[in-house]
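Thanks for coming, everyone. Let me put the structure up, and then we can walk through some of its side-chain contacts together.

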Amino acid sequence: MQTEKNRKLKITLPLKREIIKIVDERIKETLGSDMRELKVIVRELAEVPKRSEQRLTRVEKAIEELTEAQRRTEQRVEELAEAQKETQKQVSRLDKALQELAEAQKRTEQRAEELAEAQKRTESAVEILVRGLNEVRRDVGGLSRTMSYAFENEAFRMLPKF
């Protein structure tokens with residue numbers, strides 16, 4: 001056994017070149033597929049920042065749009081608050097006018113009651129006047145009859161002389 005261990009292998013130069021060539025091809029094949037995979041991975045990794053940048057750009061744009069929308073919303077809320085204040089002022093004025101109208105209505109109703117009372121008094125006075133007028137008519141009628149009788153009597157008395 002020792003003889004085998006001690007025995008040195010002699011490799012010729014053409015054999016050595018052939019072995020190196022085979023080993024190089026195997027390394028190239030192994031490294032080649034690995035290199036292709038690495039190139040694909042590196043390309044994909046190179047795309048990641050681009051896609052991230054595109055996403056970041058879209059996110060920034062969306063944030064800007066949301067910020068602008070928020071600003072417009074706040075402005076609109078301020079406008080609505082101002083409109084609400086103006087509406088409240090108008091409601092207050094209308095409420096005041098309504099109270100004034102209610103007071104005027106009360107005064108009108110009170111005046112209508114006074115006029116109704118005056119109408120009743122007027123009707124009562126007219127009724128008294130009508131009764132008085134009827135009495136005057138009756139009295140004038142009686143006086144007229146009395147006077148006609150008196151004239152007639154005088155006429156009969158004076159007629160024979162005439």
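Let's start with glutamate 79, which forms a salt bridge with arginine 76; the closest N and O atoms are 3.4 Å apart. Keep in mind that this is a predicted model. Why are these two separated by about one helical turn? Because glutamate 79 and arginine 76 are three residues apart in helix 2.

Now move along to glutamate 114 and arginine 111, whose side chains meet in a salt bridge at 3.2 Å, N to O. Both lie in helix 2, three residues apart, about one turn of the helix. Glutamate 114 comes out at 38% relative accessibility, which means partly exposed, and arginine 111 is partly exposed with 48%.

Next, glutamate 127 and arginine 131: here the salt bridge is 3.6 Å, N to O. This pair, again in helix 2, is four residues apart, about one turn of the helix. There is also a network, in which salt bridges with shared partners join Glu68, Arg71 and Arg72. And how many salt bridges does a search of the whole structure find? Nine.

A nonpolar patch sits on the surface, with residues including Ile11, Ile27, Met35 and Val48, and its accessible area together is about 950 Å². Valine 48 lies in helix 2, residues 13-158, and at 36% relative accessibility it counts as partly exposed. Happy to hear your thoughts!

Conventions: Residues are numbered from 1 along each chain as its sequence is written. This is a predicted model: local features need pLDDT of at least 70, side-chain atom pairs count only at pLDDT 80 or more; totals for chains, interfaces and linings use all residues. Side-chain values use heavy atoms; hydrogens and water are left out. Patches are made of residues with over 30% relative accessible area and no salt bridge: like charges are joined within 9 Å, nonpolar side chains (Val, Leu, Ile, Met, Phe, Trp, Tyr) within 5 Å. Accessible areas come from the Shrake-Rupley method with a 1.4 Å probe; for residues, only the protein chains shown count as cover. A salt bridge is a side-chain nitrogen of Lys or Arg within 4 Å of a carboxyl oxygen of Asp or Glu. Buried means under 20% relative accessible area, exposed over 50%, partly exposed in between (1.4 Å probe, protein chains only).
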